[in-house]
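Please keep the sequence and the coordinates at hand while reading.

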Amino acid sequence: MPLYLAYKQNHILSPQQLRKLSEHKYSCFSASLLDPLLQPWWNWLVAQTPLWLAPNLITIVGLILNIVTTLILICSFKSAIDRQSDSIICHPNYNLPFQQYRRFISKTQSQQLYSPNGVEPPPRWTCFLCALGLFIYQSLDSIDGKQARRTNTSSPLGELFDHGCDSISTIFVALSACISCQLGHYPNWLFFQCFCAIALFYCAHWQTYVSGTMRFGRIDVTEAQFSIIAIHLVSAALGPEIWLTKVGIGNIELWAGPAVTTIVCGVLSLTYVFSVVVAGGVGKNGSTVAGTSVLSPSIPLTLVVLPALIIAQKSPENIFTEHASVYILAFGMVAAKITNKLVIAHMTKAEMEYLDWSLLGPALLFLNQYFNCIIPEIWLLWFALAWGTQDLLRYCSQVCLEICQHLRIDLFRIPYSPKSLSTPSSTSATTSVGSQSNFGADKNGGASHRKSKSKAH
């Protein structure tokens, strides 16, 4: 088959995968510390949500807000401009003509429109905006399942759409936290923190592919999100430079606190994930839900993380150090694509493909270094970001359309009038959502601290 036709395939999901998807049941185990405490807020919020608002629309709105606020954080470094201009104006021996001053400001603004390396501290208001955007996303992401049950529109597509949005959000949340903590001054730590978040999210779905059950620990995604919100609020109140303050014995900078916490929580999480993997899956002879090796999902993850590390370390142009934000986003889109493929493989009980078209960008960067960078690396990096983004959007949109056609549902619209939702049964269901007990319920309303099997939205 020609390469173009292989990329531009008519159908991504086979009839057998669609049939398996229709039979999929959501299985979740949650032991989160914060979820029970946040249930009253989530229940109140979903009770205020109009019945005509589709659950997937709630999810995508939260994701867009999260992405926009993060991009504002990356692209707004006005304080750096102010410091440079103030240093010239306030210098006692400096007499700068007005026209030269205007040219200087214009040139500085064009060079400092965004911080490609994450070194320049962002304005405080952008950190607050990121905290607000993440809180809104977390809240909306927590009520989409409740809204689906409330409107009787639960479907496997809702679970897939929710995890797909989370895979994209993970990239932007991790990057925004690193910039807010001023980790651009320490590129190796920035690389570790961002790819650690990406790998942990992938591994969570890896163990789901093996065991058939999504598991949330006591300190998991909700706790991580609120920790990052706290980081943004500290940066907004005291300035991002506060994280570079040296304290205690050895003059340890404050950013080391969140960094060490990430390492400890990451090790605990990975220990649990690999204990599930080593114990064997629910498939035949301890295989995955698809009957494949429990170690097979490690291959796509390795094909993303290992080239990212090699390219960053071997780059003669210091491509990661100089353009950390673009680098993380470019490889993050590839990681989001393979994570979505892993989720689909779990829900359709199918074998996961190892190679993917999204790896084209990293492959070109790798080959370019092999041939002594005949093309400027920054050109290929921007190409990798553009290619990975369009490939992810193309893949996700086509999968959603195929599932919508198979299940005969709409993606962002409830296919009946709000009046039909005002029946006594639906009213009682709405009341039960609003008055649900806080104890023993996960963020989507399912049972926690025990295994629950119910359809996701």
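In which helix is the place of Ile136? Ile136 sits in helix H7, which covers residues 124-150, in what is a predicted model. In sequence, Ile136 and Leu65 are 71 residues apart, yet their C-alpha atoms are separated in space by 7.8 Å.

**Overall composition**

The protein has 457 residues, and 51% of them are buried. Its secondary structure comprises 17 helices and 5 strands. When contacts between residues at least 6 apart in sequence are considered, 85% of these contacts join residues at least 24 apart.

**Enclosed spaces**

How many cavities of 30 Å³ or more does a search of the whole structure find? The search returns 2 of them, and their volumes and linings are set side by side below.

| Cavity | Volume | Lining by class |
|---|---|---|
| Largest cavity | about 40 Å³ | 5 nonpolar, 4 polar, no charged |
| Second largest cavity | about 30 Å³ | 2 nonpolar, 4 polar, 1 charged |

The largest cavity is lined by Ser167, Thr170, Ile171, Ile198, Phe201, Gly332, Ala335, Ala336 and Thr339. Two or more lining residues come from each of H8, helix H9 (187-211) and H14, and H14 contributes the largest share of this lining, with 4 residues.

Around the second largest cavity, the lining consists of Glu159, His163, His205, Thr208, Met214, Val343 and His346. The elements that supply two or more residues to this lining are H8, H9 and H14.

**His346 at the second largest cavity**

His346, one of the residues that line the second largest cavity, is placed in helix H14. Its relative accessibility is 9%, and His346 is therefore classed as buried.

By class, the lining of the second largest pocket divides into 27 nonpolar and 5 polar residues, with no charged residue.

**Cysteines**

What number of disulfides does a search of the whole structure find? The search finds 0 disulfides. Cys130 takes part in no disulfide, and the nearest cysteine sulfur, which belongs to Cys127, is 7.0 Å away. Cys194 is likewise in no disulfide, with the sulfur of Cys178 as the nearest cysteine sulfur at 3.7 Å. Cys130 has a relative accessible area of 2% and is therefore buried, and Cys194, at 1% relative accessibility, also counts as buried.

**Ser287 and Ala256**

Is Ser287 buried or exposed? Ser287 counts as buried because its relative accessibility is 8%, which is under the 20% limit of that class. Its place is in the loop between helix H11 (256-279) and helix H12 (298-314). A polar atom of the Ser287 side chain lies 2.8 Å from the backbone oxygen of Lys284. With residues up to four places away in sequence not counted, Ser287 touches Val210, Gly281, Val282, Thr292 and Val294.

Ala256 lies in helix H11. At 18% relative accessibility, Ala256 is counted as buried, because the value is under the 20% cut-off. Ala256 and Lys246 are 10 residues apart along the chain, and their C-alpha atoms are separated by 10.0 Å.

Methods:
Residues are numbered from 1 along each chain as its sequence is written. This is a predicted model: local features need pLDDT of at least 70, side-chain atom pairs count only at pLDDT 80 or more; totals for chains, interfaces and linings use all residues. Side-chain values use heavy atoms; hydrogens and water are left out. Buried means under 20% relative accessible area, exposed over 50%, partly exposed in between (1.4 Å probe, protein chains only). A polar contact is a pair of N or O atoms within 3.5 Å; within protein, one must be able to donate a hydrogen and the other to accept it, and residues adjacent in sequence count only if both atoms are side-chain atoms. Contact means heavy atoms within 4.5 Å. Ala, Val, Leu, Ile, Met, Phe, Trp, Tyr, Cys and Pro count as nonpolar, Asp, Glu, Lys and Arg as charged, and the others, Gly among them, as polar. A disulfide is a pair of cysteine sulfur atoms within 2.5 Å. On a 1 Å grid over the protein atoms alone, a cavity is a set of points where a 1.4 Å probe fits but cannot get out, and a pocket is an open set with protein on both sides within 12 Å along at least five of seven lines; lining residues have an atom within 4 Å of a point. Grid points are joined across faces, edges and corners, and a volume is the space filled by probe spheres set on the points.
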